[in-house]
Amino acid sequence: MNVYDSLRMVDLMRTLGFEQTDTPDDADMIIFNTCHIREKASEKIFSELGRFKPLKEQRKKQGKDLILVVAGCVVQAESAEFMNRAGFVDIALGPQTYHRLPELLRRLEQKRKQRIIDVEFPAVAKFDFLPAAKSNGVSSFLAIQEGCDRFCSYCVVPYTRGAEYSRPLNEIVEEARQLAETGTKDLMLLGQNVNAWHGEGKDGTPSDLSRLVKAVAEIDGIERIRYVTSYPSDFTKEMIAMHRDIPKVMPYLHLPIQSGSDRILKKMNRRYTCAEYEEIVACLREACPEIALSSDFIVGFPEETDDDFEQTMDLVRRVTFAQSYSFKYSARPGTPAAAMKDQIPEEIKTERLEKLQALLIEQHAAYNAGFLGKTMHVLLEDKAKKAGYLLGHTPQMQNVVVKASEEFLGQIVPVRITKTAATTLDGELS
Ligand code: SF4
C-alpha cells in the first residue's frame, strides 16, 4: 500500500511540473513515505532523516532550498514526537491527506520557515483529488479499499489509516482501465482488508470483491489479477469460486493466519479459529488445485506458551505454505497488546522464529522443487542484475530469473524451470 501511495504522490507532483530524480543531490524536494507497522520501520525513518539534514543545510548555505516532506503512518501515529525529533522537516502529513500536497506546498511557499503538519482524516476520500493513474511497468498496484474496522489487538492500522473505506466500483474500474491503457498487464488490488471491499455493482446492486474482480477482468489488456491482504472470516463462497471461474484471477492467495493457537488468536482479536481457516483453505484448494498459499505469522505474542507455539508449528505442517512472512511480535504504542501482561522475552521470540522459519523455508523449497522441469507462463517484468537475464513472476507469484534479451520485457512467455530454491526459480525460454 505504501508503494502505491508513493507512486500516486509521484503522479500528483507531476501535475506541478516535478519529475523523479535518481539521486537526492538532484532533488528540489524529497518525500519520505513511512510505515509504522513494526518498531524497526519507524526508528529507521528517524535515522534516514538525520542523513538528509546536512544536505538541507548545505543547500541553505548555497542560497537554495531542499524541501523535506514526510508522509505516511509514522507521522499519523507520532505527529508530536515526530516534529520534536525531526524539526528540520518542512511538511509532515498522514496517509489520508497526501492529495493535499500541492496545497501544503503553496502554504509553505507563502509562509517560509513555518513547518506544516496535516494528520486529519478528511471526510472526502483522497482518491477524488488524485490525477489519472499511469503505469510504471507491466505490474501495477491499485488501492480498492483502505483502513480497517477489525482492530486486531497488535495492529496500528485502524488508528493510522482510519475506518474501513471501499472505493466505488466505477472509480476502480476506471483506474484499472487507465493502467491497462498505459501498459499494465498484471494488477494487484490492494486493501488493508481487501476482501471486505463492498460497493454497488454496475447495475446498482450490492457487490462484493468477486463482482468487482469480474468487472476488472473484463478490461482488455489486464491479463493477471491478484488481491492482497485478505482477512479469513471475510472470505465468501463467491470469492472462492472466482479462483475457479475467472481465468485472469491468478492461482495465488495471501491469507494471513498469524497463529496456530485458537487461544492466541482470541487474544489477538482475530475472529476465526484454526479449524475455520483450514476449512477455507480446503475449499480453495478444491476450487483451484494449483493455488499457491501464502500467509503471515507472528511469534512471541504476549502470553504465547511453548504449547501455543507448537500448535502453530502443527498448523504449518498440516496446511503447508508456498510462501510466507513471519515476524517476532513487536509492541506498537497505543495498541491493546502492548499493555498485555506476560510479554515474551526477546530470546524466546528469536528461538521460536528461527524454528518456524526453518520449517516454512523447507516448505517453500519443496513447493518450488515440484516445478523443476515444468514449463510455466512467466511475465517478464524487469532486468536482472546479471546482464542478459530478466526477472519475472509465475502465475503462482514465484520469482523467476530467465535468460532472455530485453525485447521480451513486458511479455508473458513460456519458461522451462531449470533450477529451484526456496525463494527463486531459474528458467530458460522454451
Ligand atoms: S485485519 Fe489486518 S489491518 Fe485490520 S486490524 Fe487486523 S492486522 Fe490490522
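Student: Helices (H or I, at least four residues) and strands (E, at least two) are DSSP runs, numbered from the N terminus. What kind of model is this?

Tutor: This is a predicted model: local features need pLDDT of at least 70, side-chain atom pairs count only at pLDDT 80 or more, and totals for chains, interfaces and linings use all residues. Residues are numbered from 1 along each chain as its sequence is written.

Student: Let's start with sheets. What is the strand order in the open sheet of 4 strands?

Tutor: The order is 1-2-3-4, and the pairing is parallel. Two strands pair if DSSP finds at least two bridges between them.

Student: Which strands are at its edges?

Tutor: Strand 1 (29–34) and strand 4 (116–118). Each pairs on one side only. From one strand to the next, the twist averages 10°.

Student: How many bridges link strand 3 and strand 4?

Tutor: Strand 3 (residues 91–93) and strand 4 share 3 bridges, in the parallel sense. Take Ile91: its bridge partner in strand 4 is Ile116.

Student: Which strands does helix 1 lie across?

Tutor: Helix 1 (residues 2–14) lies across strand 1 and strand 2 (67–72). It runs at about 155° to strand 1. Angles run from 0 to 180 degrees between N-to-C directions, and axes are lines fitted to C-alpha atoms, for helices over the stretch in contact. Helix 5 (residues 101–110) packs on the sheet as well, touching strand 2, strand 3 and strand 4. Its direction makes about 155° with that of strand 4.

Student: What counts as a contact?

Tutor: Two residues are in contact if their C-beta atoms, placed from the backbone, lie within 7 Å.

Student: How many bridges join strand 5 to strand 8?

Tutor: There are 5, between strand 5 (residues 139–143) and strand 8 (residues 186–190). Ser140, for one, has Leu187 as its bridge partner in strand 8. Strand 8 is also joined to strand 11 by 5 bridges. There, Met188 has Arg226 as its partner in strand 11.

Student: Is strand 5 mostly covered or uncovered?

Tutor: Mostly covered, with 5 of its 5 residues buried. Buried means 20 or more other C-beta atoms within 10 Å of a residue's own; exposed means 12 or fewer, partly exposed is in between, and C-beta atoms are placed from the backbone. Ser139, Phe141 and Ala143 are on one side, Ser140 and Leu142 on the other.

Student: Back to helix 1. What does Tyr4 touch?

Tutor: Tyr4 is in helix 1. Leaving aside neighbours within four places in sequence, Tyr4 is in contact with Phe141, Ala143 and Leu190. Tyr4 and Ser140 are 136 residues apart in sequence, yet 8.3 Å apart in space, C-alpha to C-alpha.

Student: Why does Tyr4 count as partly exposed?

Tutor: Because Tyr4 has 16 other C-beta atoms within 10 Å.

Student: Now helix pairs. At what angle do helix 7 and helix 8 cross?

Tutor: Roughly 35°. The axes of helix 7 (residues 169–181) and helix 8 (residues 209–217) come within 10 Å.

Student: Which residues meet there?

Tutor: Leu169, Ile172, Val173 and Ala176 in helix 7 meet Leu212, Ala215 and Val216 in helix 8. That makes 7 nonpolar residues, no polar and no charged. Nonpolar covers Ala, Val, Leu, Ile, Met, Phe, Trp, Tyr, Cys and Pro; Asp, Glu, Lys and Arg are charged, and the others, Gly among them, polar.

Student: And helix 9, which residues are buried?

Tutor: In helix 9 (residues 237–245), Met239, Ile240, Met242 and His243 are buried. They are on the same side of helix 9 because they cover an arc of only 150° around the axis. That arc is taken from the directions from the helix axis to the C-beta atoms. The cover includes helix 8 and helix 11 (274–287).

Student: What is the phi of Met397?

Tutor: Near 70°, a positive value in a residue other than glycine. Met397 sits in the loop between strand 16 (389–393) and strand 17 (399–403). Met397 counts as buried because it has 20 C-beta neighbours inside 10 Å.
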